Amino acid sequence: MKLYTKTGDKGLTRIIGGQKVRKNTARVVAYGGVDELNSYLGVIISDLPDYPALRSELIEIQQILFDCGTDLATPDDSRGYRTDIAYVKWLESKIDQYADVPPVLKEFILPGGVPAAAKLQYCRTIARRVERQVVALQADEPINEVVLIFLNRLSDYLYAIARYVNHAEGEPEMVYRRNKTIFH
């Protein structure tokens with residue numbers, strides 16, 4: 001198989017099913033965003049040698065994100081969707097597991113901390129952007145709704161594990177200085 005097809009030379013790509021579409025369509029932007037998110041997770045995984053459980057979870061998330069991208073690259077469910085609600089439930093259980101470790105928040109915190117936690121926070125913002133891209137696609141075309149739910153939970157998971165990593169490393173969280181108590 002050749003890596004180049006020359007279809008892109010004219011600003012086109014093929015989606016699942018063979019249809020040619022412009023590379024800037026909402027569908028291509030959405031699954032391209034998932035690909036970017038997945039790639040950045042690979043960067044983070046390479047930075048977590050001391051956290052084998054997190055690495056394993058993030059690798060599983062990469063697998064799921066590939067399913068999400070496949071579903072987004074498919075214009076309808078005639079071939080069956082891959083992203084399942086069970087993935088969302090699994091992610092929710094992980095969020096609950098990690099969210100209970102650091103101290104309870106009563107104020108907003110700034111993204112940052114140790115390098116791995118800072119990258120996880122950045123990845124959280126990529127997940128939120130991709131979620132917005134999927135919402136834009138959903139406004140015009142049918143999608144597997146579970147993909148959107150999974151991306152929404154993924155940003156929460158990334159936030160939870162960023163806080164977990166900072167806590168495990170003894171890194172205090174930076175509180176937004178003009179905070180008012182917001183969480184009760």
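Trainee: Leaving aside its neighbours within four places in sequence, with which residues is Asn166 in contact?
Mentor: In this predicted model, Asn166 has its place in helix 5, which spans residues 145-168. Once the neighbours within four places in sequence are set aside, the residues in contact with Asn166 are Gly112, Gly113, Val114, Ala117 and Glu171.

Trainee: Is Asn166 buried or exposed?
Mentor: The cut-off for buried is a relative accessible area under 20%. Asn166 has a relative accessible area of 5%, and therefore Asn166 is buried.

Trainee: How many salt bridges does a search of the whole structure find?
Mentor: In general, side chains of opposite charge can pair when their charged atoms come close. The criterion applied here asks for a side-chain nitrogen of Lys or Arg within 4 Å of a carboxyl oxygen of Asp or Glu. With that criterion, a search of the whole structure gives a total of nine.

Trainee: How many residues apart in sequence are the parts that the salt bridge between Lys119 and Asp47 ties together?
Mentor: The closest N and O atoms of Lys119 and Asp47 are 2.3 Å apart in this salt bridge. Lys119 lies in helix 4 (residues 115-140), whereas Asp47 lies in the loop between helix 1 (26-46) and helix 2 (52-72), so the pair ties together parts whose separation in sequence is 72 residues.

Trainee: Do Lys119 and Asp47 count as buried, partly exposed or exposed, and what is the relative accessibility of each?
Mentor: Partly exposed covers the range between the 20% limit for buried and the 50% limit for exposed. Lys119 counts as partly exposed at 25% relative accessibility, and Asp47 likewise counts as partly exposed, at 29%.

Trainee: What separates Glu131 and Arg128 within helix 4?
Mentor: Their side chains meet in a salt bridge at 3.0 Å, N to O. Glu131 is buried, with a relative accessible area of 13%, whereas Arg128 counts as partly exposed at 28% relative accessibility. Because the two are three residues apart in helix 4, the separation is about one helical turn.

How values were computed: Residues numbered from 1 in each chain as written. Predicted model: local features only at pLDDT ≥ 70, side-chain atom pairs only at ≥ 80, totals over all residues. Heavy atoms only, no water. Helix = DSSP H or I, 4+ residues; strand = E, 2+ residues; numbered from the N terminus. Buried < 20%, exposed > 50% of the residue type's maximum accessible area, 1.4 Å probe, protein only. Contact = heavy atoms within 4.5 Å.
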